[in-house]
Amino acid sequence: MTVVRSKPVIDTHNPADGRAPVLDARCVNKSYGSHHVLKDVSLTVYPGEVVCLIGPSGAGKSTFLRTLNRLESPDSGEIWVGGDPIGFRLADGVLHELPERLIAAQRARTAMVFQHFNLFPHFSALKNVMEGPVKVQKRKPEEVRKEATDLLTRVGLGDKIHSFPSQLSGGQRQRVAIARAVAMKPLFMLFDEPTSALDPELVGEVLDVMTALVQEGRTMLVVTHEMGFARRVADKVVFMADGAIVEQGTPEEIFENPREVRTQQFLDRVLT
Amino acid sequence: MRSQVVQAPPEQQLLPQVGLKHWGRWVVGALIILGIVALGWSAASGNIDYAAIPGYLTHPVILEGLVNMLKLALLSMVTAIVIGVIVALMRVSNNPVASTVAVVYIWLFRGVPLLLQILLWFNLALIFPELWIGIPGTDVEFASFNTNDVMTPFVAAFLGLALHESGYMAEVVRAGLKSVDPGQIEAAQSIGQTPMQRVSRIVLPQALPIIIPPTGNHFILMLKSTTLASVIGYLELLKASNNISSFNLQVMETLMAVAIWYLVVVTIASFGQYHLEKACDAKGRTPGAPARGGAARGGVLSNALSIPLRRNKS
């Protein structure tokens, strides 16, 4: 499949500091059968930005997030990651679809944290963190081992590096999963409802680790139902409903003065 | 609940107790033993020369049959596993042609009875007197064989056993592949693993513990199914016993020797399977681990059930 470019490349450099975006999603569409789950979703993210995607379930937030590392392939639209069109190769103004083997290399520049952790059950915590850097990025195991141990210590699991996922609590598993994502040294990190599968008393420990990542200046896209977290750490909050972005802005703009009725209704329901 | 050391009351205050006698167990046990003795007595009084059996165990013809049986079973099983893996991968592939062909293949080779398949292969010469390798529709021919020369009893039995079993193995392998949580593949994708790496590092290590135990079972079945090859004259254990007894008429003596050999071989195979299974469990699951696959997708409920909840302040 080839996609013929129908419009000129839009200059998306940040007007404030002229930096190029790490992520530029343009008019992303996706349907499952007759169900149109993503409708012309466009989003630009600059280095160091923290973007929280909120909205009712079924709004397409997770699907959109999964198109950004092509776990889901959009029906149309473009996703540019670090200046490359993900899933494609640009040649003579035409995007040529890449085979899965080469898409894998593009994915290695990003990282994802899943709702259900998806740790590899046959690897220890340390091995889970080392798998990507050693097997995909082909870095030296000794060097990676030291780094992975440091990472696990930073997420509070220095004493659990040899534990298997089955021996860890949900919160601990998710912190290993975050360490696994950070170890990839990604351009940006995708979080797909990272606390939704956790028992309420375990949510805090995961949000604390994520807040620490924000403070390190990492670029993050977070699909979340934790409005307090979004308000506290986000640079930009994106509200999605029915497969489209309804409105986006700073946390103050979205949470204090939402312009759209749809946003107001949603916030009224979740904040009371 | 707190356990407390309860001071036992002085012994003289306690009344003597009499346990239940379980008379029923004694009676039933005695009846069973009586039945076994009766069976043994009638077996011993049968018209059979038990003393001849040990001799048949090491009879050269029987030993040749044993070796041939093992050769046939091992070669058929290995071939069935290889074909099974390929057909299972075709079955789960995104290519509709490959997947449909796999479904039809499994339907065909599982559906036709094994003995019938062996007979069909053996009699192939009736419809194709000659087998040739060449380009259909042209005169180009690289080699041609007389079907009866190629289709020896061994080859016919091997094809029947291997292809029949491959249909089952395909389903065993597919079940193993299916048991791996799709989230595992997504996680492997998210760290940039190629399709090859996903299969070798993530999917197979988790699918093998599911695939190996039933494969062991199927191998034990395969060992016993080789007796069917006797029908087309392949000299395995059963045919070997027939060959001997057709001379000296010691039918039961030779059959029993064969039965003993089968029990020995199957016992060894079961022992191997037991250890293989234990090795799989130890490798794939750490103590107290949840059943694989379901846990990650099962969400809060299964996570809560499968792991001790610990409160950690980070």
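## Chain B: contacts and fold

In chain B, 71% of the contacts with a separation of 6 or more join residues 24 or more positions apart. A contact means heavy atoms within 4.5 Å. This is a predicted model: local features need pLDDT of at least 70, side-chain atom pairs count only at pLDDT 80 or more, and totals for chains, interfaces and linings use all residues. Residues are numbered from 1 along each chain as its sequence is written, chains are lettered from A and ligands numbered from 1 in the order written, and side-chain values use heavy atoms, without hydrogens and water.

Chain B has 12 helices and two strands. Helices (H or I, at least four residues) and strands (E, at least two) are DSSP runs, numbered from the N terminus. Their order along the sequence is α-α-α-α-α-β-β-α-α-α-α-α-α-α.

Of the 314 residues in chain B, 35% are buried. Buried means under 20% relative accessible area, exposed over 50%, and partly exposed in between (1.4 Å probe, protein chains only). The chain exposes about 19100 Å², and carbon and sulfur atoms supply 69% of that area. Accessible areas come from the Shrake-Rupley method with a 1.4 Å probe; for residues, only the protein chains shown count as cover.

B:Pro213 sits in helix α9 (residues 195-225) of chain B. Its relative accessible area is 18%, so B:Pro213 counts as buried. Leaving out residues up to four places away in sequence, B:Pro213 touches B:Leu208, B:Gln273 and B:Glu277. B:Val172 is 41 residues from B:Pro213 in sequence, with 9.7 Å between their C-alpha atoms.

## Salt bridges

The count over all chains is 20 salt bridges. Each is a side-chain nitrogen of Lys or Arg within 4 Å of a carboxyl oxygen of Asp or Glu.

A:Arg175 pairs with A:Glu205, with their closest N and O atoms 2.9 Å apart. A:Arg175 lies in helix α5 (residues 170-182) of chain A and A:Glu205 in helix α6 (residues 200-215) of chain A, so the bridge ties together parts 30 residues apart in sequence. A:Arg175 is buried at 0% relative accessible area. A:Glu205 is buried too, at 4%.

A:Asp84 and A:Arg109 form another salt bridge (2.8 Å, N to O). This pair links distant parts of the chain, 25 residues apart: A:Asp84 is in strand β6 (residues 84-85) of chain A, and A:Arg109 is in the loop between α2 (100-107) and β9 (111-113) of chain A. A:Asp84 is partly exposed at 35% relative accessibility. A:Arg109 is partly exposed at 30%.
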